[in-house]
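These are my notebook entries on a structure that I looked up piece by piece. Each entry records one topic and what I found there.

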Amino acid sequence: MLKIKNLHASIEDNEILKGINLEVKPGEVHAIMGPNGSGKSTLSSVLAGRDEYEVTEGSVEFLGQDLLDMEAEDRARAGVFLAFQYPVEIPGVSNINFLKTAINEAREKKGLEPMPAKEFLSRVKEKAKLVGLEGKFNNRSVNEGFSGGEKKRNEIFQMAMLEPKLAILDETDSGLDIDALKVVADGVNKLKSPDNATIVITHYQRLLDYIIPDYVHVLSNGKIVKTGGKELALELEERGYDWIKEEAVNA
Amino acid sequence: MASEEELLEEITNSEYKYGFVTNIESDKAPKGLSEDIVRFISAKKNEPEWLLEYRLKSLKIWQGMIEPEWAHLQYPKPDFQDLHYYSAPKPKKKLDSLDEVDPELIDTFNKLGISLEEQKRLTGVAVDVVMDSVSVKTTFKEKLGELGIIFCSFSEAVQEHPELVKKYLGTVVPSADNFYAALNSAVFTDGSFCYIPKGVRCPMELSTYFRINEAKTGQFERTLVIADEDSYVSYLEGCTAPMRDENQLHAAVVELIALDRAEIKYSTIQNWYPGSKEGKGGIYNFVTKRGLCMEDSKISWTQVETGSAVTWKYPGCILKGDRSVGEFYSVAVTSNHQQADTGSKMLHIGKNTKSTIISKGISAGQANNSYRGLVKINKHATNSRNFTQCDSLLMGNKCGAHTFPYIEIDNSSSKVEHEATTSKIGEDQIFYCKQRGMDEETAINLIVNGYCKEVLNQLPMEFAVEAQKLLEISLEGSVG
Ligand SMILES: Nc1ncnc2c1ncn2[C@@H]1O[C@H](COP(=O)(O)OP(=O)(O)OP(=O)(O)O)[C@@H](O)[C@H]1O
Ligand SMILES: [Mg+2]
């Protein structure tokens with residue numbers, strides 16, 4: 001469903017992504033790990049369509065479409081969801097209104113009527129339960145005054161509401177206590193289906209105990225330098241990244 | 001300068017003359033402003049002598065005044081001799097039901113999405129429509145009448161309830177208050193009048209829609225709302241104007257009087273033609289709005305303004321009675337070449353008085369938005385409080401926001417808090433919304449609505465919806 005080929009991207013003339021190749025098929029879970037500053041968030045921003053980044057080379061295909069040719073909102077409507085590393089606060093806009101607007105706008109573009117209030121509310125109830133929010137934040141402003149962990153849970157809640165085809169979770173686990181981590185992982189697992197795929201960006205193998213990846217990739221200095229199964233995450237946890245960097249240099 | 005007495009003398013002794021007697025039947029006064037014009041208006045409206053005197057006195061005061069200059073407003077000064085000060089629309093008969101209203105007018109309202117029929121069907125909104133200068137229609141009057149509530153056009157009040165008008169007119173905004181108030185006091189043609197008797201809670205929102213219709217007619221509305229002891233009223237004022245090229249002057253005066261333990265909520269949606277994108281045309285809006293609060297009373301001003309080329313307006317409260325409360329909630333949007341200099345004045349005179357000012361400015365395009373607030377706490381107004389929050393949101397790089405708070409406290413037991421923020425609409429916020437599938441336009445509307453939430457929440461439900469729509473329309477295409 002996602003084919004990234006030789007992707008190069010830069011910001012303000014600094015090349016951050018230096019030739020990424022990655023293929024994600026429906027039903028798969030990919031983990032991306034890598035040192036700070038290696039370009040993980042950049043990759044997710046580029047995929048989501050943030051226009052500060054300039055793609056200088058390469059291509060990205062998503063469900064047969066040229067993803068790079070689409071506006072951010074069209075990518076979202078096509079099924080790309082990004083759980084932000086740093087979710088943004090929108091004062092005065094209730095969570096519920098935010099989601100209603102997002103869902104109905106996507107429906108409108110597909111020529112559908114707005115979702116009936118009853119259906120919407122029962123969906124809210126169901127999905128909130130999934131991430132252990134139970135309607136707690138419905139009337140609070142989007143992320144405003146939320147704790148770090150609450151923001152992350154809210155991202156997963158939004159993901160559950162929007163039912164994306166491809167979810168990119170950018171360090172959704174950081175800042176979560178162990179119980180919240182289980183809840184979030186549980187939520188992600190329940191949303192898994194043979195039709196959708198997940199890219200999990202993380203620093204900790206801990207999360208991968210709960211969300212079992214099919215592949216683990218190591219991103220270093222703008223390139224995927226190693227790919228393996230879930231045991232690679234364990235190895236990274238033990239040995240750090242230096243040995244991989246060396247391998248990459250020697251290769 | 002002549003004393004008041006001499007002025008009165010001069011006025012009462014001067015010959016009752018019209019420079020254009022033959023035109024008394026005409027629907028329009030000739031251009032220009034003079035004693036003759038004032039007499040013409042007064043005669044046309046069959047006013048009592050005391051009101052004519054009031055007008056003439058105001059005219060004298062106005063003639064002695066100089067049009068003020070505002071540091072942050074730039075516009076060609078209106079030529080006061082090039083305006084018509086009176087005009088009446090074509091259908092002249094008093095109407096009892098909607099069926100009798102000019103179908104064209106109904107059509108216009110339908111276009112604006114504020115059809116009278118709808119209004120009438122809605123949860124009991126009484127509508128008093130002012131088309132140019134003459135009241136065309138008053139609804140729900142009987143229902144209000146049962147409670148002793150008077151809600152009618154100003155001219156009607158002058159005829160039917162002269163004692164109330166005489167007692168309160170000019171007591172909150174005296175003619176000499178400022179240039180535009182003096183002008184209005186001399187030539188006001190119509191407006192609304194409302195009186196809520198003692199202990200009565202007005203069961204419905206009282207609503208007035210204004211519309212400027214005829215070219216080159218300055219409209220000078222006069223509104224007087226009196227809430228007698230222990231009463232309550234919520235009053236809505238909304239206006240729209242069609243596109244036009246020539247600047248139209250609008251100088252209204254609104255006076256609110258809340259007697260002991262009374263409460264007045266006064267909400268405004270102001271949506272006049274702001275001028276073209278290039279800055280041509282648009283309405284000049286110079287309004288004096290003020291409320292007087294007696295003991296334990298409360299007045300709240302809420303306004304959402306998106307219109308006018310130039311806006312100059314400072315709704316305020318005189319907190320005269322002990323423990324009285326004044327509130328001001330405002331959203332002012334300026335885009336393209338619009339200019340706004342608005343704010344609030346809170347005058348604390350009574351003890352333990354409280355005021356709150358929440359002002360949200362939004363500037364887009366090349367617009368300029370200034371907040372000018374005065375909070376004055378008198379020596380005897382002990383233990384008084386003011387809280388002011390003044391936020392500016394900028395969209396793009398060419399617009400500006402300015403804040404000018406003036407604070408004077410003359411006693412040591414009172415406290416004033418002032419908070420001000422200026423922010424740019426965040427790229428991060430917009431991207432976040434887009435990532436959830438929203439268009440840029442939708443994202444901006446959502447963010448702006450959130451930013452204005454505290455103010456929009458003060459509006460009655462239907463009005464809040466309308467206000468949101470207005471914000472959307474006025475910010476269309478302002479970013480990107
Ligand atoms: N506006 C910018 N100008 C210059 N460099 C930038 C800019 N934005 C990001 N970078 C750089 O791009 C590199 C990659 O950043 P990115 O956020 O993608 O890293 P990351 O792998 O997500 O790191 P972390 O693990 O800390 O989240 C970093 O070196 C960062 O400093
Ligand atoms: Mg990152």
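**Entry 1: V184(A)**

I looked up the contacts of V184(A), where contact means heavy atoms within 4.5 Å. Leaving aside neighbours within four places in sequence, V184(A) touches R153(A), I156(A), T172(A) and L176(A). I note that V184(A) belongs to helix α6, residues 178-191 of chain A. Helices (H or I, at least four residues) and strands (E, at least two) are DSSP runs, numbered from the N terminus. V184(A) is buried, at a relative accessible area of 3%. The word buried stands for under 20% relative accessible area, exposed for over 50%, and partly exposed for what lies in between, with a 1.4 Å probe and protein chains only. I also checked K152(A), which is 32 residues from V184(A) along the chain; their C-alpha atoms are 8.5 Å apart.

**Entry 2: conventions**

I record that the model is predicted: local features need pLDDT of at least 70 and side-chain atom pairs count only at pLDDT 80 or more, while totals for chains, interfaces and linings use all residues. Residues are numbered from 1 along each chain as its sequence is written, chains are lettered from A and ligands numbered from 1 in the order in which they are written, and side-chain values use heavy atoms, with hydrogens and water left out.

**Entry 3: a sheet in chain A**

In which order do the 6 strands of the open sheet in chain A lie? I read the order as β6-β9-β10-β3-β11-β12, with mixed pairing. Two strands pair if DSSP finds at least two bridges between them. At the edges I found β6 (80-83) and β12 (223-228) of chain A, each of which pairs on one side only. Neighbouring strands of this sheet are turned by 20 degrees against each other on average, direction ignored. Axes are lines fitted to C-alpha atoms, for helices over the stretch in contact, and angles run from 0 to 180 degrees between N-to-C directions. Helix α1 (residues 40-48) of chain A packs on the sheet and touches β3, β6, β9 (166-170), β10 and β11 (215-220) of chain A. The direction of α1 makes about 150 degrees with that of β9(A).

I then followed individual pairings. Strand β3 (residues 29-33) of chain A runs parallel to β10 (residues 197-201) of chain A, and 4 bridges join the two. V29(A) has T198(A) as its bridge partner in β10(A). β3(A) is also joined to β11(A) by 4 bridges, again in parallel, and there A31(A) stands opposite V216(A).

β11(A) is mostly covered, since 5 of its 6 residues are buried. With β12(A), β11(A) pairs in the antiparallel sense over 5 bridges; H217(A) has T227(A) as its bridge partner in β12(A). The hairpin of β11(A) and β12(A) has 2 residues between the strands, and N221(A) in this hairpin takes a positive phi near 50 degrees.

**Entry 4: ligand 1**

For polar contacts I used pairs of N or O atoms within 3.5 Å. An N or O atom in the side chain of H203(A) is 2.9 Å from an oxygen atom of ligand 1. For E171(A), the corresponding distance to an oxygen atom of the ligand is 3.2 Å. A polar side-chain atom of E12(A) lies 3.5 Å from a nitrogen atom of ligand 1.

**Entry 5: chain B**

I counted 13 helices and 22 strands in chain B. Of its 480 residues, 60% count as buried. Among contacts in chain B between residues at least 6 apart in sequence, 82% join residues at least 24 apart.

Is helix α10 (residues 427-435) of chain B enclosed or open? It is largely enclosed by the rest of the structure, because 7 of its 9 residues are buried. The buried residues include F431(B), Y432(B) and C433(B). G437(B) follows α10(B) and has a positive phi, near 100 degrees.

S344(B) lies in the loop between β16 (339-342) and β17 (345-348) of chain B. Its relative accessibility is 0%, so S344(B) counts as buried. Among the contacts of S344(B) beyond four places in sequence are Y314(B), F328(B) and Y371(B).

Conventions: A polar contact is a pair of N or O atoms within 3.5 Å; within protein, one must be able to donate a hydrogen and the other to accept it, and residues adjacent in sequence count only if both atoms are side-chain atoms.
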